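Please read the following note with the model open beside you.

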Amino acid sequence: MIEKITQITMLFDFYGELLTEKQKLILDLFYNEDCSLGEIGAEMGISRQAVHDAIKRSEQSLVTYEEKLGLVKKFMLEQERLARLSAVVTKAYETGDTGILVEAMAEINAIEEEERK
C-alpha cells in the first residue's frame with residue numbers, strides 16, 4: 001500500500017497539472033491531506049462513491065501519462081546515475097587517490113552512453 005501511495009504521489013507531482021481542478025483537489029485531499037472519502041465528499045458535496053470513482057479515474061490518468069511520457073522513469077534513472085557518480089567522486093575525495101578519477105570518468109562515460117540509448 002505504501003508503494004502505491006508513493007507511486008501516485010510522485011506521479012501527481014509530475015503530472016498533476018494535467019488533471020482537472022476537481023481531480024487535483026480530490027487527489028490532494030486524499031493523498032496529501034489524508035482525508036477520508038467521506039470527508040472529501042462532504043467538503044465537495046458529492047457521495048463517497050463519486051469520490052472513490054474520481055480517485056480511481058485520476059490515478060489511471062496519471063499512470064497513462066507516465067506510460068506515454070515516462071518522466072518519472074527518466075527522473076529515477078537520473079537519480080540512480082547521480083548517486084553512482086557521487087559515490088565514485090566521494091571515494092576519490094576521501095582517499096586522495098587520483099586514480100579513482102579514472103573510474104569517475106568511466107562512470108560519466110557510461111552515463112552518457114546510457115543517455116544515447
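This is a predicted model: local features need pLDDT of at least 70, side-chain atom pairs count only at pLDDT 80 or more; totals for chains, interfaces and linings use all residues.

1. What covers the buried residues of α2? The cover includes α1 (2-15), α3 (37-44) and α4 (48-69), where contact means heavy atoms within 4.5 Å. The helices named here (H or I, at least four residues) are DSSP runs, numbered from the N terminus.

2. Residues are numbered from 1 along each chain as its sequence is written, and side-chain values use heavy atoms, with hydrogens and water left out.

3. Helix α2 spans residues 21-32, which is 12 residues. From its first C-alpha to its last it reaches 15 Å, close to the 16 Å expected at 1.5 Å a residue; the expected span is 1.5 Å times one less than the number of residues. The buried residues of α2 are Q23, K24, I26, L27, L29 and Y31. Buried means under 20% relative accessible area, exposed over 50%, and partly exposed in between (1.4 Å probe, protein chains only).

4. Phi of D34 is near 60 degrees, a positive value in a residue other than glycine. Most residues other than glycine have a negative phi. D34 is exposed, because its relative accessible area is 65%.

5. Helix α6 (residues 100-116) has 17 residues and reaches 25 Å between its first and last C-alpha, close to the 24 Å expected. In this helix I100, A104, E107 and I111 are buried. Seen down the axis of α6, the buried residues fall within an arc of 60 degrees, so they line one face of the helix; the arc is that of the directions from the helix axis to the C-beta atoms. An α-helix has 3.6 residues a turn, so residues three or four places apart point the same way. The face of α6 turned away from its buried side carries the exposed residues V102 and R116. What covers the buried residues of α6 includes α5 (71-95).

6. Helix α5 also contains F75. At 33% relative accessibility, F75 counts as partly exposed.

Note on methods
Helices (H or I, at least four residues) and strands (E, at least two) are DSSP runs, numbered from the N terminus.
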